[in-house]
Amino acid sequence: MYLLSLIPLIFSNPGVVKVFHGAYNDVLWLQRDFGIYVVNMFDTFQGAKLLSLKGCSLAFLLKEFCNVVPEKKYQTADWRARPLPKEMLAYAACDTHYLLEVFDRMNTRLTDLGHLKSPSEPHRFLHKVFDNSRRTCEELYAKPLLKSEGYWRIIDNNRLLLKKGEMSVLKGLLKWRDYVGRVEDESVQCVCPNEVLFALVRSLPVSVVC
């Protein structure tokens with residue numbers, strides 16, 4: 001328990017660089033689930049964008065900088081399972097094991113780019129990545145509220161064309177999903193994914209088969 005109590009202190013310590021990849025959701029989830037706020041972070045996704053690499057995914061960076069092809073079998077697995085199988089633990093370890101090496105090599109490339117593009121400011125691009133990563137860290141988690149505009153946002157984001165009566169069904173299902181998620185302290189997408197909700201709206205079943 002003592003070691004766990006140190007984790008928030010490490011993440012908020014500006015003297016320690018934290019290396020993430022595609023950190024936006026991670027930053028919000030750490031706030032939501034553990035009250036952890038990240039300070040002084042380098043996001044390798046931001047570095048890949050600034051270097052204009054052919055790809056920005058972690059898989060691409062591992063191949064580019066470490067010549068490693070990661071196993072992505074468990075990328076969309078249910079990570080709520082306990083205990084986690086050894087294979088999933090190995091996958092999670094591999095996903096972070098090479099990040100520091102990627103950071104070191106990316107740091108070198110960004111500095112080389114700085115010397116080439118701006119000799120008087122060789123660390124210009126490196127600082128830019130840290131600045132972009134800092135903006136991600138400044139995002140604050142806010143518990144989503146199911147308001148009237150939320151219905152339209154879901155419809156717009158998924159390009160739904162609803163017929164008469166289907167909108168009221170969707171509203172009812174979204175309210176039910178939101179309620180169950182809060183009672184069970186579970187993600188609404190785990191309670192019932194959007195795809196299933198849309199299928200129910202389209203089919204309008206009149207009975208339930210268990």
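Colleague: How much accessible surface does the protein chain have, and what percentage belongs to carbon and sulfur atoms?
Modeller: In this predicted model, the accessible surface of the protein chain comes to about 14200 Å². Of the 210 residues in the chain, 32% count as buried. Carbon and sulfur atoms hold a part of the accessible surface that amounts to 58%.

Colleague: Which pattern do the helices and strands follow along the sequence?
Modeller: The protein chain contains eleven helices and two strands. Read along the sequence, the elements follow the pattern α-β-α-β-α-α-α-α-α-α-α-α-α.

Colleague: Are α6 and α7 parallel or oblique to each other?
Modeller: Two packed helices are described by the angle between their axes and the distance between the axes. For helix α6, residues 99-117, and helix α7, residues 124-137, the axes come within 6 Å and cross at roughly 130 degrees. Angles from 65 to 115 degrees count as roughly perpendicular and those over 145 as roughly antiparallel, and the two helices are therefore oblique.

Colleague: How do the residues of the contact of α6 with α7 divide into nonpolar, polar and charged?
Modeller: On the α6 side the contact is made by F103, N107, L110, T111, L113, G114 and K117, which meet F125, L126, V129 and F130 in α7. By class, the residues of this contact divide into seven nonpolar, three polar and one charged.

Colleague: Which element gives the most residues to the largest nonpolar core?
Modeller: This core has 20 residues, of which F42, L61, F65, V102, M106 and L110 touch the most other members. The elements that give two or more residues to this core are α4 (58-66), α6 and α7. With six residues, the element that gives the most is α6.

Colleague: Which residues does L61 touch, beyond those up to four places away in sequence, and how many residues does the second core have?
Modeller: L61 touches H21, T44, A48, L53, G55, C56, C66, V102 and M106, with residues up to four places away in sequence not counted. The second core, which is separate and includes F20, V27, V38 and C137, has nine residues.

Conventions. Residues numbered from 1 in each chain as written. Predicted model: local features only at pLDDT ≥ 70, side-chain atom pairs only at ≥ 80, totals over all residues. Heavy atoms only, no water. Axes fitted to C-alpha atoms, helices over the stretch in contact; angles between N-to-C directions. Helix = DSSP H or I, 4+ residues; strand = E, 2+ residues; numbered from the N terminus. Parallel < 35°, antiparallel > 145°, perpendicular 65-115°, else oblique. Contact = heavy atoms within 4.5 Å. Nonpolar A, V, L, I, M, F, W, Y, C, P; charged D, E, K, R; others polar. Core = buried A, V, L, I, M, F, W, Y, C linked by side-chain atoms within 4.5 Å. Buried < 20%, exposed > 50% of the residue type's maximum accessible area, 1.4 Å probe, protein only. Areas by Shrake-Rupley, 256 points an atom, 1.4 Å probe, with all protein chains shown as cover.
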